[in-house]
Amino acid sequence: MATGIKQIAKLANVSISTVSHVLNASAPIGSEVQERVLGIARETGYLAKRRRKASISLLSTVLLVGTKKAFLKYDRNFVAWTRLNAFRKECQSRGIRLNPQIEEENETNPDNIVEAVAKHRPQGIAVMQDDR
């Protein structure tokens, strides 16, 4: 029988929603619980199966939204640039085209995002913000 989040929840002695939150990083969960859930997911082969499934991308275009401030090139912005570069490489490896929507101001303008969505028709939107 294939391992799913119900089995992982039972083995980790947590709720199904906790497993979901850990696997999707969608809520703050304590590190001990995270490690336990991820360890079981790894041991049972669930993470490997999930990675294989995720490698078949359903997205062809993603709108990358951010401000010029978030994309400044300087030493203290290293984390943001590392994340951006990793995201760009992952999209490239999956054949996902990135369409940047970089705002000149320090805040994103919702009207500009709506226009960019209408123009590019992306299947997803990624928002990059200044990490300060």
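## Exercises on a predicted model

The protein has an accessible surface of about 9200 Å², and carbon and sulfur atoms hold 54% of that area (Shrake-Rupley method, 1.4 Å probe; for residues, only the protein chains shown count as cover). This is a predicted model, in which local features need pLDDT of at least 70 and side-chain atom pairs count only at pLDDT 80 or more, while totals for chains, interfaces and linings use all residues. Residues are numbered from 1 along each chain as its sequence is written, and side-chain values use heavy atoms, with hydrogens and water left out.

**Exercise 1. State in which helix confidence is lowest and in which it is highest.**

Step 1. pLDDT is the predictor's confidence in each residue, from 0 to 100. The protein averages 83, and 87% of the residues score at least 70.

Step 2. Helices are DSSP runs of H or I with at least four residues, strands are runs of E with at least two, and both are numbered from the N terminus. The protein has 6 helices and 3 strands, in the order α-α-α-α-β-α-β-α-β.

Step 3. Confidence is lowest in helix H5 (residues 78-93), with a mean of 79, and highest in helix H1 (residues 5-12), at 95.

**Exercise 2. Describe how H1 and H2 cross, and list the residues of the contact.**

Step 1. The axes come within 8 Å and cross at roughly 105°. Axes are lines fitted to C-alpha atoms, for helices over the stretch in contact, and angles run from 0 to 180 degrees between N-to-C directions.

Step 2. H1 and H2 are therefore roughly perpendicular (65 to 115 degrees; under 35 is roughly parallel, over 145 roughly antiparallel, the rest oblique).

Step 3. Ile5, Lys6, Ile8 and Ala9 of H1 meet Ile16, Val19 and Leu23 of H2, where contact means heavy atoms within 4.5 Å.

**Exercise 3. Decide whether Val65 is buried or exposed, and find what Val65 touches.**

Step 1. Val65 lies in strand S1 (residues 61-67).

Step 2. Its relative accessible area is 1%, so Val65 is buried (under 20%; exposed is over 50%, partly exposed in between; 1.4 Å probe, protein chains only).

Step 3. Leaving out residues up to four places away in sequence, Val65 touches Gln101, Thr108, Ile113, Ile125, Ala126, Val127 and Met128. Val65 and Gln101 are 36 residues apart in sequence, yet 4.8 Å apart in space, C-alpha to C-alpha.
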